[in-house]
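Please read the following account alongside the sequence and the model.

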Amino acid sequence: MPQPCPPHRMLGPSRDAKPVSVLNQATPSPVLSDAAPTPRPSACPGLLRIVAARDGGICRIKLPGGELSAAQARAIAEASARHAAGVIELTNRANVQVRGVKRGEEAVLIAALVGAGLGPTSIAADDVRNVMISPAAGRDPSALLDTRPLCAALLAMLQSEARFAALSPKFALLLDGGERLARVDHPHDVWLAASRETDGVRFVFGLAGCPPASASASAAANASAAAFSGSPTQSDHITTEQSHANGTGPLAAILPSQASALVRALLLTFLDLAAADTTRMRHLLTLHSAHALLHHAQQYVDFPLTRNVSPADWHRSTPADAGLRLGAHAQRQPGTWHVGGQPASGRLDADTLHALAALSQQHGDGTLRVTPWQSVLLPDIATHAVPPVLSGLNALDLACDPAQAITRLIACAGSSGCAKSLADTKTDALRLARRLPAGVEAHLSGCPRSCAAAHCAPYTLLAAAPGLYDLYRRDRHDGRPGFGECVARQLTIDQAADMLDRLARSNTNA
Ligand code: SF4
């Protein structure tokens, strides 16, 4: 599924602001030197590159591990209210973006954000993609290891090694610690997943896909029930190259201490072999086998890189459960909980972000986690504080129960924010929420670029005209990209709700 950036015109960055800081540290920022290069052309927003959309500029702020301190949240809220439209969007890469940046106020907005320690370490680093980890990393009781230190090391490496500035902003890395609260259905260019072996924890890795779940476990996880079967198994022989819908599938297992070196080797391999217009690993795999890529990467590491995992055998041992992002759930640390809620359309206003910052300071550890489901998590809430935090989230109109329809709907910016959109997807999603059948997840997209859904949604409403959508259904076991089969065209939102209800019933009765 494509993950393009919306069509924008670049407004910034302003070199007048000259700000760049250590990534997401709440310390004052050093300024860029006059010799700093201008950012490379890209359609993707960054903090230093504000790009124009129909509703004003978009400034995207990368949050390492999705983490945002209360002070930084306030800085974003204030900057958004003063210099933009006061709309803060949570993204499906666990970042935030300020929408509606006013023309002429880009530099002062950037300076305010950088002053809060939210800036990248260099202009090139503004383009470096985040490393995706669980929002409950280090806290999830099912995790096999804490991925946060490795995530920090990888981000530091990505930003400090000059060659990596050549990677596309879309190039994506996933570190899966084996948490139950994990988004493992987004394809990533490189993924590593923790695996318990007889002699300790290893990282299994693959290219251009996701850590696989067994079919039965996927279905069970989707229903928030049951567990995966089986455990990782390995074989020593190199398997025959297979056509794998999920990228390469699992390739090999390495020690956690080798993970940084492995990722570096794979990224250098990509840069060595990819043509200038090859931006993603899946494209490179059309020209080179996974075996050839591993063979090339071997020169960069001092441990053996041979395929040693049988793709047919390995899958995650823990079912991922997206429902854990909502409501209160016990953490690994006794007597503490993470509490989460989801705003409609993945958007917050400035007052709500201020209130979330206050909640986290009063009852949590003074930080928020943005999740890749466009929701917010407050970690380290003591047992006695769970009820007031849940009440606080509900009072802010954040949904804390997976039964609430807005938690099962995603929509792109739509015609209010994007010139390409054929419909007002955000407003139509709210309308559909009133009639969305129980258990149904749907995605509304203003055009085929599918900005809102990096994963493959079970149902997609693709805009055909204002208020009219073509409905697509996708089998969850279908590994191919795309929206799936078109089951009806030119539906109004009410007709789409009726059709989704019929389809959901027929699935249940099957
Ligand atoms: S219409 Fe939606 S999916 Fe298409 S480019 Fe715009 S935001 Fe992205």
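Around the ligand stand 12 residues, the closest being C412, C418, S421, C447 and C451; a residue counts as near when one of its heavy atoms lies within 4 Å. Six residues of this shell are nonpolar, four polar and two charged, where Ala, Val, Leu, Ile, Met, Phe, Trp, Tyr, Cys and Pro count as nonpolar, Asp, Glu, Lys and Arg as charged, and the others, Gly among them, as polar.

The model is predicted: local features need pLDDT of at least 70, side-chain atom pairs count only at pLDDT 80 or more, and totals for chains, interfaces and linings use all residues. Residues are numbered from 1 along each chain as its sequence is written, and side-chain values use heavy atoms, with hydrogens and water left out.

The chain has a mean pLDDT (the predictor's confidence in each residue, from 0 to 100) of 85, and 83% of its residues reach 70 or more. Over residues 1-40 the pLDDT is below 50, and this stretch has 142 contacts (heavy atoms within 4.5 Å) beyond near neighbours in sequence. Where pLDDT is low, the predicted coordinates should not be read in detail.

Most residues other than glycine have a negative phi. Q374, in the loop between β15 (367-370) and β16 (376-382), has a positive phi of about 60° and is buried, with a relative accessible area of 10%. S450, in the loop between β18 (442-445) and β19 (459-465), has a positive phi near 60° and is buried at 1%.

Methods: Helix = DSSP H or I, 4+ residues; strand = E, 2+ residues; numbered from the N terminus. Buried < 20%, exposed > 50% of the residue type's maximum accessible area, 1.4 Å probe, protein only.
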